[in-house]
Structures are given as structure tokens and as C-alpha cells.
Amino acid sequence: MDGAGTPGVDRFVSGEVEVLCLTDGSTVLPPEVFPALDADTRTARLAARGMEDITTAFNAYVLRHAGGIDLVDTGCGSLVGEGAGHMVRLMADLGIAPRDVDRIIFTHLHGDHVGGAFGEGGLVFPQAEVLMHRAEADHWRRKDAPGGRMVAEAGRLPLLEDGADLGHGMRLWHLPGHTPGHSGLRIGTLAIVADIVHAEALQLPDPNLSPTYDVDPVQAAETRLAALSRVAAEGLVWSGCHMLGPQKFARLAQDGDGFARVAL
């Protein structure tokens with residue numbers, strides 16, 4: 001199946017790669033996630049997008065190409081509760097079984113990105129090669145957290161650097177700050193920007209606004225502004241791991257000191 005019309009799935013083709021964005025779930029973030037944002041500004045920005053709460057999605061990706069099937073992240077698994085953890089079911093709707101996955105390219109190892117790799121019987125995708133930026137593995141190694149478990153249990157663990165060639169026109173794009181090895185992907189004219197934006201309504205107007213989830217909020221803000229500026233200037237299509245939908249691919253336009261999402 002190509003994913004067209006499948007609930008919870010959006011599709012984009014860039015070059016020789018079919019990119020399927022799977023909505024693993026959603027949640028509402030508490031205002032404390034953005035402590036630098038006052039209540040009036042928060043309310044105004046949400047209202048401008050027709051929102052009352054800071055709703056965010058959990059997205060992961062299936063990449064289909066001549067070399068096989070890759071995942072970008074694995075979703076939340078059981079770590080977030082009933083509001084998420086739909087990755088394997090959505091893959092089944094697309095005719096993809098866990099054993100069909102050749103590689104998992106992790107943007108980073110926070111629980112909502114790596115939790116879906118673990119099941120009651122062990123690793124959900126035991127045959128898949130696991131890839132990530134070198135700094136991400138170093139950050140989580142020997143830590144008592146899902147990310148540490150992933151680093152410990154991944155059999156083959158090639159460690160990548162910025163710009164690493166992933167084949168089929170795909171390259172790793174290091175976007176540090178959220179975590180040290182946090183990375184996106186460039187796939188032709190598509191940029192998967194991972195977690196540089198957690199709440200579009202709040203952060204696109206002000207790219208300097210960082211959530212408490214960022215390990216280095218200053219570096220994360222610098223990365224966010226540089227990446228979004230590049231997406232807008234080069235006319236790229238972008239998608240992010242917390243992008244709201246159902247349309248999960250868009251363009252970006254400069255809007256004052258910030259940016260505005262532009263539908264395809």
C-alpha cells in the first residue's frame with residue numbers, strides 16, 4: 001500500500017524515496033514546558049492558530065526505496081500511555097511487518113522516539129540495523145533511560161557524522177541542542193527536522209523560544225533559527241516529529257522575525 005488515504009498517515013515522495021509520516025499519537029503539553037513565554041502571549045499565539053491548548057503530535061517515518069524499508073524513529077511504544085504507541089498498527093495497515101524493516105535511523109533517543117523499539121518480548125525490530133549520530137550514542141551510553149537501553153541493546157551500531165550518506169539521496173543533518181546528537185534528514189528537496197519545533201503555534205513566530213526538553217536551550221534556539229531559515233530560503237518541503245496534521249508536509253515562509261507554515 002502507498003499510504004494514500006490511510007488514517008494517521010501522510011505521504012510525500014522526494015527523489016527515489018517514498019516518505020510516510022505516521023502519527024503515533026498526540027498529547028497536550030503543560031505551559032511550564034515553555035517557561036519563558038508569558039500567559040497572554042501564549043494564549044494569543046494559540047488563538048491565532050485556532051487552538052486553546054499546546055497540542056503536539058508524535059510522528060515517526062517510514063522510508064521506502066529500492067534498497068528496502070527504513071524507519072526514522074520508532075514512536076513512543078508504551079512510554080506515553082494510551083494517547084500514543086500506534087506505530088506497529090499503522091505499519092500493519094501499510095502492509096509492513098517489523099521483520100520488513102532494514103534500518104532504524106534515530107533522530108535522537110528521547111523516549112517518545114525510541115520507546116516503540118521495545119516490546120514485552122524484547123526488541124520489536126530485532127533484524128534492523130540501528131543508526132544515529134555519534135554524539136547521541138555518547139550522550140546516552142550507560143544512562144538508565146530508554147536511550148541508554150537502546151545504545152546497549154543495539155547489536156550493530158554504526159555511528160554517523162553530519163552529512164553522512166545514507167544512500168538513495170538521503171543524508172544526515174546534525175541539528176544539535178535538543179540533544180547533543182539530535183539530527184534530521186535531507187532527502188532531496190525534503191527536510192525532516194525532527195524536534196527543532198515542539199509547538200508550531202508558539203515557536204514558529206519566535207524561533208528563540210526553547211522548551212524545557214532541550215538539553216542546551218541556547219544551542220537549540222540557534223539551530224532552530226538556522227534550520228528554519230534554510231528551509232524557507234531554499235524553498236524546501238519540511239516535516240517534523242511534532243508537526244500537527246493531518247497534513248505533515250509543508251513549506252515555510254519568513255514572517256517578520258519568525259516563520260509561517262505554508263500548505264503544499
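**Salt bridges, pair by pair**

A: At 15% relative accessibility, Arg 103 is buried, where buried means under 20% relative accessible area, exposed over 50%, and partly exposed in between (1.4 Å probe, protein chains only). The model is predicted, so local features need pLDDT of at least 70 and side-chain atom pairs count only at pLDDT 80 or more, while totals for chains, interfaces and linings use all residues. Residues are numbered from 1 along each chain as its sequence is written, and side-chain values use heavy atoms, with hydrogens and water left out.

The side chain of Arg 103 forms a salt bridge with that of Asp 70, at 2.8 Å from N to O; the term covers a side-chain nitrogen of Lys or Arg within 4 Å of a carboxyl oxygen of Asp or Glu. This pair links distant parts of the chain, 33 residues apart: Asp 70 is in strand β4 (residues 68-72) and Arg 103 in strand β5 (residues 103-105). Helices (H or I, at least four residues) and strands (E, at least two) are DSSP runs, numbered from the N terminus. Asp 70 is buried too, with a relative accessible area of 1%.

Arg 89 and Asp 93 also meet in a salt bridge, at 3.5 Å from N to O. Both lie in helix α2 (residues 87-93), 4 residues apart, about one turn of the helix. Arg 89 is partly exposed at 47% relative accessible area, and Asp 93 is partly exposed at 31%.

A further salt bridge joins Arg 171 and Asp 165, at 3.9 Å from N to O. Here Arg 171 is partly exposed at 42%, whereas Asp 165 is exposed at 54%. Elsewhere, salt bridges that share partners join Arg 11, Glu 18 and Arg 64 into one network. The structure holds 13 salt bridges.
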